[in-house]
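Try each task before reading its solution.

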Amino acid sequence: AWQRSGFGKGDKIASAITKQTDCSVISNLNYETHHGDDVVTADGSDKAAKEFPSCHAKYVDYTPCQDQMRAMKFPRDNMIYRERHCPPEDEKLQCLIPAPKGYATPFPWPQSRDYVPFANAPYKSLTVEKAVQNWIQYEGNVFRFPGGGTQFPQGADTYINQLASAIPIDNGMVRTALDTGCGVASLGAYLFKKNVITMSFAPRDSHEAQVQFALERGVPAVIGVLGSIKMPFATRAFDMAHCSRCLIPWGENDGLYMMEVDRVLRPGGYWVLSGPPINWRTYFGAWKRPKEDLEEEQRKIEEIARLLCWEKLDELGDIAVWKKRTNYDLCRQQDIKPNLCEPSYPDDVWYKKMEACVTPYPKSTKSYEEWKPFPDRLNAIPPRISSGSVPGVSVDMYQEDIQIWEKHVKSYKSINNLIDSGRFRNIMDMNAGLGSFAAALDSPKLWVMNVMPTIAEKDTLGVISDRGLIGIYHDWCEAFSTYPRTYDLIHANGIFSLYRDKCKAEDILLEMDRILRPEGSVIIRDNVNVLVKVKKIVGGMRWDARMVDHEDGPLVSEKVLFAVKKYWVVGDIITAHNKKKKVKN
């Protein structure tokens, strides 16, 4: 009332004092990057926090669930040894993964698409192995990515234009794509020009750091393989799936892998295959494979595609394109029909074995026949909600959720005004709900990896996919399928309350620290009692943290914790309570 009285000097004085004492403005957290400069330390309330030591330098690129040594203990059949194999509880590291010496903040997008600091992923093997394919080049203290690939040495733009002659990439109808065996994700990097967001994946194998390079470039990617278990994505999640010489044996195992692709393709979606065996008559000599083998391989793929009732649209030289039917009507007329999967929950995929059966179409396919282009579908009523197929989620709840998260994100931006500046490119939402956090942030400057906890009360990952966003299932009691230092900002809404009786909060926080870049930011929204405990833990993790009230005021029990991870690298002698230094403004 004093501030707003509008009379004389008193109003100006009150306004100045209000700004100085306003709990919603965190003046001592610095979101800028300094590469090696120290940022502000945590306040004195964290002095009793347990201090986590730095891990040994050998763990600088540690991926707990895709550890190379552990992988060798598992069978090589169907790439099982390249799947997720997480350490038991007594082998989990209780330390902080260090950054390599010389680590630098990635270049801003779109410069990051073409350049990555050498120190961030100092592996030159691909520059030699893939030299003629234009994947990657080493120049001074950076890697340069010319945009080439095994099947598109002339550049991804040329390749994408070829695809666009058969697939509606330019009009928003294809918004989400899946790139299997992605290499350094140049396809996904250049599809951003078309406003297509691509979930790229590749195993951690002899092509050292390919997924790490993708994320350093600012392109969505996870470590993964099409092996024996289902992909951690919702059914009908993608508008297009792509394989460019990805070495997946599509015709083997009774069509198991193509059936899994069919599961994650929406009705009316596209499958692109380039490289062997497509156009084998031209390339069998260069591929050094018998004509008969390549012909048989393509015959099997064509046969499985017909069984799946896919329509072959075109074979453009080295590229073949199929389309999944928008409904099952034509498929019923086929002489040979596929074995349909049991009518169980099709999105129950976490660590579940793939089956040689076809996931049935939804009961109503009208929404897919009238599929909306992006960005119209971002805030339109998703088909899964309009059809009532998500228990406990109504149209009104969905629309209210959009408004709530627009309000939350507006509040976040008032505190961290760099959120949509381009400073944060790779963003993760650890408990994505209906995807409204990502929708409120939607911008060409950033992308959001929406994570659906496997223990969430409501599984709404399919809704997120319907909105033209990408997402993945994950259990936060385990490590995420990514390299260290791959996200600029991590958002965690209610994650610690959700996992309270499942696993330790400090284990989840250590994983957040592993995947967060130096000088990256964290926003944690939860009950105040939970956040007080979380804030104490992060006091020993080389994070600077401040808690603020809910945007509706101090009487709301839900609070928000903002944190910034300090810059430190291998060999730095830093403790959680080192001498406080002033923030650079």
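**Exercise 1. Describe the largest pocket: its volume, its lining and its place among the domains.**

Step 1. Start with volume: the largest pocket has about 960 Å³, counted as the space filled by probe spheres set on grid points joined across faces, edges and corners. A pocket here is an open set of points on a 1 Å grid over the protein atoms alone, where a 1.4 Å probe fits, with protein on both sides within 12 Å along at least five of seven lines; lining residues have an atom within 4 Å of a point. This is a predicted model, so local features need pLDDT of at least 70 and side-chain atom pairs 80 or more, while totals for chains, interfaces and linings use all residues.

Step 2. Now the lining: 42 residues, with Arg-236, Ser-344, Tyr-345, Pro-346 and Asp-347 nearest the centre. Residues are numbered from 1 along each chain as its sequence is written, and side-chain values use heavy atoms, leaving out hydrogens and water.

**Exercise 2. Is Ile-97 buried or exposed, and which residues is it in contact with?**

Step 1. Ile-97 is buried, at 7% relative accessible area (buried is under 20%, exposed over 50%, partly exposed in between; 1.4 Å probe, protein chains only).

Step 2. Beyond neighbours within four places in sequence, its contacts (heavy atoms within 4.5 Å) include Cys-55, Tyr-59, Pro-484 and Trp-568.

Step 3. Take Tyr-59: it sits 38 residues from Ile-97 along the chain, yet their C-alpha atoms are 6.4 Å apart.

How values were computed: Domain bounds come from an automatic or database domain assignment.
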